[in-house]
Amino acid sequence: MEKQVILNSKHLELTLKRLSHELIESHNDFSDTVLVGLQPRGIHVVSQLKKHLEIILGKEIVCGNLDITFFRDDFRRREKPLIPSITNIDFSLENKKVVLVDDVLYTGRTIRAGLDALLTFGRPSKVELLVLIDRRFRRDLPIQADYVGKMVDSLISERVSVEWQEIEGEDKIVLYTKDSNE
Amino acid sequence: MNNLSVDHLTGIKDLSKEDIDLIFKTADSFKEVINRPIKKVPSLRDITIANIFFENSTRTKLSFELAEKRLSADILNFSASGSSVKKGETLIDTVNNILSMKVDMVVMRHPNPGAALFLSKKVNAKIINAGDGTHEHPTQALLDAYSIREKLGAIHGKKVVIVGDILHSRVALSNIFCLQKLGAEVMVCGPTTLIPKDMNLLNVKISHNLREALEWCDVANMLRIQSERQEISYFPSLREYSMQFGLNKEILNSLSKEIVVMHPGPINRGVEITSDVADSKQSIILNQVENGVAIRMAVIYLLAAKIDR
């Protein structure tokens, strides 16, 4: 497996800061905006954004985690059932502006399921999408992100992995390429 | 491990500890789902489930039906009264006729022990046993254990006594299997006539004294006297049974520690349990009912994942 670092920890930090400022540009003081991270990997992006936004704005940002397992469109099309993670949205989304957050936007199917799952918590006034990595030209569905950390051109055989210090030991984004003889 | 080791749920006996843990973990998520403003997920929208009940049921039938609807499955309800079973149709014929209408899963309650297992070998659908005579009632045992885990934090090392009509109870047998697999100690308590003579083979303690049993346990699961299955008299009168084995506030308050009280329903108030105990803080009877929906959603979801496309 070949590795290519797309963003190292310094650049990842810069990207997160930039995304935080972009969010503030369109959401002002976040008085009616909430961040919702998609399980399992989007929640780490949310906690990073929350940290930066709270430093800049000096107030608490409302955040939640959303699990989309039961809303996926590939149930029974996989070998094994997917085991759900925890959903933690203890506020109503009625008339809120929601920013859905995930680490990598690839086929768009996860986001499709996320939009469905989101509606079970009320009717948001607006939903936007933030992703750290947009694997462009790889979409199965007509879904685009409003805020993008970095665009990446990649092959289907490649894998993009956003890694965090608390889990993998280092903040970085890596592109893995399968060796041709593998 | 994220797949059940079985293709049908005919009894707890066939499940591994890992299976039960997986069902509990999945049920945790479904419990969160059924407490949302919109209590429904679309996972099973392409699945049809038939609920076939050859015996009366309120809770189990409603609970399964609700679980199926919350998962967006299409459902067919069938009860033996008013059906062609009365005209002499066999079980396999009845079920195969239902299955030829393209049904993927069957939830069945039947008065004969082993009916669910029999069916699972003969027909091409996933079978969930919703009670087969005096044999097993697996989803009830799962929800009982799940409720204990929720209330006490764990099951391993806990002491559970099952009180009452052990002889005719499918709940008792499934509970014994389930609790033992999860590492609990189990005791059965009741009049000698209502405890099967080979009970000791199941590695459970046996008591004929309610007070002694309650002093020993952390959880008491009170069972109903199943008069409908009793062809002879097993005790002199209900009043006498109630005096010896009925749980009342007096005996509960006189214990040295606070125990958890459970009942699988339907309750015969004043027989195996008095109203003030059934409605007390120590009773988790209504939590059991709520957890029943989440547990059944988990079982259906995990078995549905095994249906071939």
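Which residue in S5(A) is the bridge partner of A:Val99? I worked from a predicted model, and there I found A:Glu128 as the bridge partner of A:Val99.

**Entry 1. Strand S5 of chain A and its neighbours**

I next looked at the strands to which these residues belong. Strand S4 of chain A, residues 97-105, pairs with S5(A) in the parallel sense, and I noted 8 bridges between them. Between S4(A) and S5(A) the chain passes through helix H3 of chain A, residues 109-118. I recorded this β-α-β crossover as right-handed.

I then turned to the pairing of S5(A) with strand S6 of chain A, residues 147-152. These two strands run parallel and are joined by 5 bridges. Within this pairing I located A:Ile133 opposite A:Lys150 of S6(A).

Is S5(A) largely enclosed or largely open? I found that 7 of the 10 residues of this strand, residues 126-135 of chain A, are buried, so the strand is largely enclosed by the rest of the structure.

**Entry 2. Antiparallel pairings of chain A**

I looked up strand S8 of chain A, residues 172-177. Strand S1 of chain A, residues 2-7, pairs with S8(A) in the antiparallel sense over 5 bridges. Here A:Val5 stands opposite A:Val174.

Strand S7 of chain A, residues 159-163, also pairs with S8(A) in the antiparallel sense, over 5 bridges. For this pairing I noted A:Ile173 in S8(A) as the bridge partner of A:Val162.

**Entry 3. The largest nonpolar core**

How many residues does the largest nonpolar core have? I recorded 137 residues. The residues with the most contacts inside this core include A:Val101 from chain A, and B:Ile23 and B:Val163 from chain B. Helix H11 of chain B, residues 285-304, gives the most to the core, namely 11 residues. I also noted that domain 1 and domain 2 of chain B each contribute at least three residues to this core.

A:Val101 is in contact with A:Leu35, A:Val36, A:Gly37 and A:Leu38, among others. Its contacts also include A:Gly42, A:Val45, A:Val46, A:Leu49 and A:Leu130.

**Entry 4. Contact between chain A and chain B**

I counted 19 residues of chain B in contact with 15 residues of chain A. On the side of chain B that touches chain A, helix H1 (17-33) and H11 of chain B are the elements that give two or more residues. The largest share of this side, 5 residues, comes from H1(B). By class, I recorded 10 nonpolar, 5 polar and 4 charged residues on this side of chain B.

**Entry 5. The two domains of chain B**

Chain B is divided into domain 1 (12-136 + 289-304) and domain 2 (138-288). I noted 25 Å between the C-alpha centres of the two domains. Across their boundary, 24 residues of domain 1 of chain B are in contact with 24 residues of domain 2 of chain B.

Which element supplies the largest share of the side of domain 1 of chain B that touches domain 2 of chain B? I found that H11(B) does, with 7 residues. H1, strand S4 (126-132) and H11 of chain B each supply at least two residues of this side. I recorded the residues of this side as 9 nonpolar, 8 polar and 7 charged.

Conventions
Residues are numbered from 1 along each chain as its sequence is written. Chains are lettered from A and ligands numbered from 1 in the order in which they are written. This is a predicted model: local features need pLDDT of at least 70, side-chain atom pairs count only at pLDDT 80 or more; totals for chains, interfaces and linings use all residues. Two strands pair if DSSP finds at least two bridges between them. Helices (H or I, at least four residues) and strands (E, at least two) are DSSP runs, numbered from the N terminus. A nonpolar core is a set of buried Ala, Val, Leu, Ile, Met, Phe, Trp, Tyr and Cys residues joined through C-beta atoms within 7 Å. A residue is buried if 20 or more other C-beta atoms lie within 10 Å of its own, exposed if 12 or fewer, and partly exposed in between; C-beta atoms are placed from the backbone. Domain bounds come from an automatic or database domain assignment. Two residues are in contact if their C-beta atoms, placed from the backbone, lie within 7 Å. A crossover is right-handed if, with the strands pointing away from the viewer, the path from the first strand over the helix to the second runs clockwise. Ala, Val, Leu, Ile, Met, Phe, Trp, Tyr, Cys and Pro count as nonpolar, Asp, Glu, Lys and Arg as charged, and the others, Gly among them, as polar. Lists of a residue's contacts leave out its neighbours within four places in sequence.
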